[in-house]
Amino acid sequence: MTIQWFPGHMTRAKRQLEEQMKQTDVIIELRDARAVMSSTNPLLYTLSKDKPRIIVLNKADLADPEITKQWLQYFKTEGHFAIAVDVLKDNVREQIVRQIRAVMQPIHERQKKRGIRPRASRALVVGIPNVGKSTLINRLAQKKATTTANKPGLTRALKLIKVDKEIELVDSPGMLWPRFEDEGVGINLALIGAINEEILPHESLVRIAYERIETLSELLKTEANTYAELITNYGLRNNFKLNGEIDIERSMMDIIRKLRNGKLLRISWEKPDDYV
Ligand SMILES: Nc1nc2c(ncn2[C@@H]2O[C@H](COP(=O)(O)OP(=O)(O)O)[C@@H](O)[C@H]2O)c(=O)[nH]1
Ligand SMILES: [Mg+2]
């Protein structure tokens with residue numbers, strides 16, 4: 001599911017995120033391993049200030065494993081904890097629980113020194129649409145019962161899911177909106193299927209993929225010397241017809257869908273070298 005964003009949506013999402021953030025101790029930031037920089041939003045750091053953060057590069061099964069390794073090294077060098085996973089298959093729960101304990105420990109130590117008994121740590125899963133937030137929440141929660149945090153005052157009570165004795169998870173994910181204002185970001189997000197492709201014509205998306213992937217026509221088992229030829233010949237080969245003519249639109253959509261689903265190759269659209 002892709003969502004169209006309007007300024008009103010963003011304002012509402014920001015307000016909600018601020019509210020969720022106030023009531024959480026640790027942030028689990030999901031990014032897409034195929035577009036690690038494009039799938040975040042710096043606003044998250046403005047809002048979360050110095051809260052401990054766990055970076056999860058999700059959909060690593062679709063990304064280039066070599067580049068994912070480079071990203072993990074990049075975050076390590078930057079002093080951040082990051083893991084790369086396929087949330088659908090990997091056992092992420094254990095890794096994340098262990099890390100939440102680790103980052104919360106010094107905070108709990110300080111509280112104990114001040115005579116405060118630490119309560120269960122509250123974690124918030126944050127990320128752009130379609131990055132895998134709901135899937136991760138389900139994994140962490142293991143269908144555990146939801147409780148409600150009593151919050152006096154005007155704030156709406158936060159629904160919490162018990163992960164274990166010491167960790168609770170905010171029931172609804174923190175929604176980050178994509179940064180459309182940057183064209184490069186928009187392209188990467190369209191290539192991974194995080195945003196509505198209407199932002200970019202399908203033709204541009206196929207052209208960009210054709211320019212970036214040398215072997216694209218081979219992978220599609222279609223002979224072509226230009227991206228336009230690729231679209232036509234691929235439609236022809238698959239017999240995509242509309243009113244007796246080649247259905248160009250269907251041909252383009254099919255290529256894009258295959259790319260997004262990792263049906264052609266494992267690809268990362270951004271690498272750390274682009275950011276040094
Ligand atoms: N290949 C792959 N697909 C994933 C992974 N995690 C989630 N998905 C798929 O991505 C889509 C969006 O996931 P969802 O959890 O609904 O994302 P949300 O919008 O952030 O809540 C779903 O079709 C998931 O099955 C992953 O690690 N690998
Ligand atoms: Mg969701």
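Colleague: How many residues surround ligand 1, and which are the closest?

Modeller: This is a predicted model, in which local features need pLDDT of at least 70, side-chain atom pairs count only at pLDDT 80 or more, and totals for chains, interfaces and linings use all residues. Residues are numbered from 1 along each chain as its sequence is written, while chains are lettered from A and ligands numbered from 1 in the order in which they are written. A residue is near a molecule if its C-beta atom, placed from the backbone, lies within 6 Å of it. Here 16 residues surround ligand 1, the closest being D86, G132, K133, S134 and T135.

Colleague: Which helix gives the most to the shell around ligand 1?

Modeller: Helices are DSSP runs (H or I, at least four residues), numbered from the N terminus. Helix α5, residues 133–141, gives the most, with three residues.

Colleague: At what angle do helices α4 and α5 pack?

Modeller: Axes are lines fitted to C-alpha atoms over the stretch in contact, and angles run from 0 to 180 degrees between N-to-C directions. Helix α4 (residues 92–113) and α5 pack at about 80 degrees, their axes 9 Å apart. α4 is therefore roughly perpendicular to α5, a term for angles of 65 to 115 degrees.

Colleague: Which residues of α4 and α5 meet?

Modeller: Contact requires C-beta atoms, placed from the backbone, within 7 Å. V92, R93 and I96 in α4 meet L136, R139 and L140 in α5.

Definitions and conventions:
Helix = DSSP H or I, 4+ residues; strand = E, 2+ residues; numbered from the N terminus. Parallel < 35°, antiparallel > 145°, perpendicular 65-115°, else oblique. Contact = placed C-beta atoms within 7 Å.
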